[in-house]
Amino acid sequence: MSSTTHSAEHHDDHGPAKGIKRWLFTTNHKDIGTLYLIFSLTMFFIGGSMALVIRSELMMPGLQFVHPEFFNQMTTMHALIMVFGAVMPAFVGLANWMIPMMIGGPDMALPRMNNWSFWILPIAFGILLSTLFMNGGAPAGGWTMYPPLVLQTGNAFPFLVFSVHLMGISSIMGAINIIVTIMNMRAPGMSLLKMPMFVWTWLITAYLLIAVMPVLAGAVTMLLTDQFFGTSFFLAAGGGDPVMFQHIFWFFGHPEVYIMILPAFGVVSEIIPTFARKPLFGHDSMVYAASSIAFLSFIVWAHHMFTVGMPLTGQLFFMFSTMLIAVPTGVKVFNWMATMWKGSMSFETPMLFSLAFLFLFTIGGFSGLMLAIAPADVQYHDTYFVVAHFHYVLVPGSVFGIMAAAYYWLPKWTGVMYDEKLGKIHFWASAIFVNLTFFPMHFLGLAGMPRRIPDYSTQFADFNMMASIGAIGFGLSQLLFVYIIIKAARGNGVKATAEVWDNPRGLEWTVPSPAPYHTFENPPTIKE
Amino acid sequence: MLKSNRDPGYRFLYPKQYRQGELPMIRKLCLITLGLLGTSVAHADWALNMTKGVTELSAETYDLHMLIFYVCCAIAVVVFGIMIFSLVQHRKSKGAVAATFSHNTTAEVIWTAIPVVILILMAVPSAETMVRLEDSRDPDLTVVITGYQWKWHYAYQGKDVEFYSTLARESNDARGKDSGIDVFSVDNYLLDVDRPLVVPRGAKVRLLITSNDVVHAWWVPKLAIKKDAVPGYLNEAWFRAEESGVYRGQCAELCGKDHGYMPIVVKVVEPEEFLAFVASEHDEKARVASAN
């Protein structure tokens, strides 16, 4: 497909700086990618330990460990940290590392902004986590921040708003950078439709980010002025409308869902062809499907609000538009299926994670289809059925996508193969425990257990016990992931070739492993 | 002290029949001999699936739920079947040689069209049910429900009956972290209230739902009603219960620290019993007024 005329000349002055300065002042896309990924992994463990607090409390009926106030803080912080701190930065990290290499560009287009968009994140999450130690505790009104409840937050409230602002700024800058890079830094000959799927899905994701992050920022700013400056945007007593916040929030929130899954679609679309040894089926239709999903994501938001008391016509519109999303999503799944069909498959860890993604994300898609049926959603809404649904699309969906990517590109990043045997153990432990955790939640929800409660009626005891055991198992399995990464990062393993895998497609496999600090200083030539 | 069979720590270890008060005979005898068999405690049935409920619309909702569930199952069998076949057959270790195709317009048209048809077939009955769910015209009885942190207030319109409904004393005593009370010994733990909403069987009951503070949601699964209680809004819902009985639910929208502790109990009674209930409420009101 392509070959590179990689420059052999050495630029010693272009090597990384020494010590902490390398990381603080870096403008190198690979360094920044690494920072994002490490940050994301850290947040994954912080958010994960909060999940374990939640699951420990829910293991048995009755309160054993925490008080209801703290329980609500944990659910709220778990969601905020996992969404904004773990999943999104992980994908930005992957984008930083891989997009320039995949399009044959030397770096990101706006390297200084790149540095800034990363370094805002630790500040944002430092602020958010500091609320745990404040008077009145961390935010406890749910990550959806619905007023008027969120306005009852204690001292943490302005910190919550400002940290969301910072996360938004970081995301928008990251997205601008990605769009500018993709639009301007492609190697000659790489037309838009020749771009790898990961680059495509990220391009679409970046547009989604730019479109909706300001909406979230606006919504939380209105909360801030309602609280401190006497406005009544969302306060019924002052003529405001609490439901308007929900509309604004979900206008952000639904595209946000796709922001967290589209890059995972891209990752899987890179990995499955490599291990099926067959080109991706329907590359262009994948692009169109991802674009349709992105477009539809703007007109389905109120399916999160079927019980809020919308007019009938509104409910019908959002029901139909939501059901439509199944079509492009189906196209993607069928295309992956067709990619595997008559391939010559092998099952290394990245492929295992991608296959689990394919199966389990589809299960999450099915429950999503069920949730789209508005009358049935009246029964599902705000129960554990919803919790099961979005964890199926987020954990074995987005998170498995990230893990698949990490295993797939780790040899390119570190120059050594990760420990395949441990990788497989990590995969099987994760896949089994993730199902043990989240599958019983479907039953809990259908049987009538609401979400976000610290204690429950006794008939829900058994499935909660299963889910908690699964969660603890899943949490512990992730320690293995860290061990595998550290082992590889320390250069401990079999030396990886430039190609790493069996004849993979993509420019990233034409540069040596580990990838040099600067790649494609001279653009490669795209043949074909 | 010996642990009772209801001790939560043991519950997961035994199969279901050991735990629902239906212990096998030998075990039962042993426990009786040991004097460990507690008094029977009311629990809702252990359930895997959505309830059919006791109204026409709850049954319709259940049917829709099962329909879409079976549709998903059918799709799953086909999609997962093909994937698993492929995973078994088309593997390198079996010597499979990769094909090179990457397009097939016919296949792509088919797998775009079939989901569209399935979705249209699903959309029609869903929309029909939706229309009926929203038709709260001509009620026989209207109750205004107001959510508070953390209790419900019920006011029967035109009947001069109103009261608050809060978590039952037994549950409230047991719920604390250091209550020392085994929650398995509490009847309908966290699903019982001091004063249930009483409505007549067979009557079309319209609910007007609002809130006095934050957003709550009034949910009773067996009535298939879940409606947000939003300050400044008066949301409508309705039901016609076909069977008398006691139906339990909970607040379904996060509303603060005691969100998990504001259950809902609806008692559906025969129409004459309902009249007696209204009369007794009036008597009680008169008694309180005269006492003052």
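In the predicted model, strand β1 (residues 141-148) of chain B runs parallel to strand β5 (residues 205-211) of chain B, and the two are joined by seven bridges. Within this pairing, Val143(B) has Leu207(B) of β5(B) as its bridge partner. Both strands belong to an open sheet of five strands in chain B, arranged in the order β3-β2-β1-β5-β8 with mixed pairing. The edges of the sheet are formed by β3 (161-165) and β8 (235-239) of chain B, each of which has a single partner strand, so that one side of each is left without a neighbour in the sheet. On average, and with direction ignored, neighbouring strands of this sheet are turned by 20 degrees against each other.

Chain B also contains an open sheet of five strands in the order β4-β10-β9-β6-β7, again with mixed pairing. Here the edge positions are taken by β4 (197-200) and β7 (225-229) of chain B; because each has a single partner strand, one side of each is left without a neighbour in the sheet. The twist from one strand to the next averages 25 degrees. Inside this sheet, strand β9 (residues 245-251) and strand β10 (residues 263-269) of chain B pair in the antiparallel sense over six bridges, and Gln250(B) stands opposite Pro263(B) in β10(B). In general, strands of a sheet pair through backbone hydrogen bonds, in either a parallel or an antiparallel sense.

On the one hand, α6 (residues 271-291) of chain B lies across β4 and β10 of chain B, running at about 135 degrees to β4(B). On the other hand, α6(B) lies across β1, β2 (151-156) and β3 of chain B, and its direction is at about 90 degrees to β3(B).

The interface between the two chains brings 99 residues of chain A into contact with 92 residues of chain B. The area buried between chain A and chain B is about 8,300 Å², and carbon and sulfur atoms give 70% of this area. One salt bridge is counted between chain A and chain B; it is formed by Asp502(A) and Lys92(B), whose closest N and O atoms are 3.8 Å apart. On the side of chain A that touches chain B, helix α10 (residues 326-340) of chain A gives the most, with nine residues. Sorted by class, that side of chain A has 62 nonpolar, 25 polar and 12 charged residues.

Over all chains, the structure holds 18 salt bridges. One of these links the side chains of Glu60(B) and Arg132(B), with a distance of 3.0 Å from N to O. Because Glu60(B) lies in helix α3 (residues 56-89) of chain B and Arg132(B) in helix α4 of chain B, this pair ties together parts that are 72 residues apart in sequence.

The C-alpha atoms of Leu41(A) and Val482(A) are separated by 8.4 Å, although the two residues are 441 residues apart along the chain. When neighbours within four places in sequence are left aside, Leu41(A) is in contact with Phe481(A), Val482(A) and Ile485(A).

Several features of backbone geometry were also noted. Most residues other than glycine have a negative phi, and most peptide bonds are trans. Against this background, the peptide bond that joins Pro147(A) and Pro148(A) is cis, with omega at about 0 degrees, and Pro148(A) is found in the loop between α4 (111-130) and α5 (156-184) of chain A. A cis peptide bond also leads from Ser513(A) to Pro514(A), where omega is near -5 degrees; Pro514(A) is located in the loop between α15 (461-489) and β2 (525-526) of chain A. In chain B, Asp138(B) has a positive phi of about 50 degrees although it is not a glycine, and this residue is found in the loop between α4 (105-133) and β1 of chain B.

How values were computed: Residues numbered from 1 in each chain as written. Chains lettered and ligands numbered in written order. Predicted model: local features only at pLDDT ≥ 70, side-chain atom pairs only at ≥ 80, totals over all residues. Heavy atoms only, no water. Contact = heavy atoms within 4.5 Å. Buried area = accessible area lost by both parts, 1.4 Å probe. Salt bridge = Lys/Arg side-chain N within 4 Å of Asp/Glu carboxyl O. Helix = DSSP H or I, 4+ residues; strand = E, 2+ residues; numbered from the N terminus. Nonpolar A, V, L, I, M, F, W, Y, C, P; charged D, E, K, R; others polar. Pairing = 2+ DSSP bridges. Axes fitted to C-alpha atoms, helices over the stretch in contact; angles between N-to-C directions.
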